[in-house]
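This briefing covers a metal site, a nonpolar core and a set of aromatic rings. Please look at the sequence and the structure first.

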Amino acid sequence: MNKKFALAAMTMLLAVSLAACGGGNKDAGASNNEGAAPAASSGDVQAVTLKAKNFEFDQTEIRVKKGQTVKLTFENEQGIHGVEIPDLNVKLDQPGTTEFVADKEGTYEFKCSIMCGSGHNDMVGKIIVE
Ligand SMILES: [Cu+2]
């Protein structure tokens, strides 16, 4: 009988202390993100620079965090190319910068958006939202 009571009391204490911890930690996680991604300029914006030449991109796999605003800068180093991510409604037909919110987890194809020549179809990569 006493053991049962003690167990019940301990369980309650544990529940109370867990609840207290959970409430206090809400904001603690935010500051832990600092420095995690050197490319990020500020806050929840992740800066990505993608460069194109005949006939490839300098990156074929880009990883971004779900929910972040992605600031995509596209540059042509050689030839005339563009970039598009059809599933995310992102398109840059010339060098420039665009922003989009990576709000869905998944793997999306990006590719050259301009018929640039014989290697056009090789100009593909994937962007992974995780
Ligand atoms: Cu092309």
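Is Phe110 buried or exposed? Phe110 is buried, because its relative accessible area is 2%, where buried means under 20%, exposed over 50% and partly exposed in between (1.4 Å probe, protein chains only).

This is a predicted model, in which local features need pLDDT of at least 70 and side-chain atom pairs count only at pLDDT 80 or more, while totals for chains, interfaces and linings use all residues. Residues are numbered from 1 along each chain as its sequence is written, and side-chain values use heavy atoms, with hydrogens and water left out.

**Copper site**

- The copper ion has as protein donors Cys112 (SG), Ile114 (O), Cys116 (SG) and His120 (ND1), at 1.9 to 2.3 Å; donors are N, O and S atoms within 2.8 Å of the metal (3.2 Å for Na, K and Ca), and sites may look incomplete since water is not among the atoms.
- Angles among the 4 donor atoms run from 86 to 121 degrees and the site is tetrahedral, a label given to four donors if all angles lie between 85 and 135 degrees.
- Along the chain, the donors of the copper ion are spaced as C-x1-I-x1-C-x3-H.
- Cys112 counts as buried because its relative accessibility is 3%, and His120 counts as buried at 13%.

**Nonpolar core**

- The largest nonpolar core has 22 residues, and Phe57 and Ile127 touch the most other members; such a core is a set of buried Ala, Val, Leu, Ile, Met, Phe, Trp, Tyr and Cys residues joined through side-chain atoms within 4.5 Å.
- Elements giving two or more residues to this core include strand 1 (45-53), strand 4 (69-76), strand 8 (106-111) and strand 9 (124-129); strands are DSSP runs (E, at least two residues), numbered from the N terminus.
- Beyond its neighbours within four places in sequence, Ile127 has contacts that include Ile62, Val64, Ile85, Leu88 and Phe110, contact meaning heavy atoms within 4.5 Å.

**Aromatic rings**

- There are 2 aromatic pairs, counted where ring centres of Phe, Tyr and Trp (its six-membered ring) lie within 6.5 Å; planes under 30 degrees apart are stacked, over 60 edge-to-face and the rest tilted.
- Phe57 and Phe74 are edge-to-face because their planes stand at 65 degrees, with ring centres 6.5 Å apart.
- Phe57 belongs to strand 2 (residues 56-57) and Phe74 to strand 4, 17 residues apart.
- Phe57 and Phe110 also form an edge-to-face pair, with 5.2 Å between centres and 70 degrees between planes.
- Phe57 is in strand 2 and Phe110 in strand 8, so this pair ties together parts 53 residues apart in sequence.
- Phe57, Phe74 and Phe110 make up one aromatic cluster.

Terms used: Four donors count as tetrahedral if all angles lie between 85 and 135 degrees; four count as square planar and six as octahedral if opposite donors are over 155 degrees apart and all others between 65 and 115; anything else is irregular. Helices (H or I, at least four residues) and strands (E, at least two) are DSSP runs, numbered from the N terminus.
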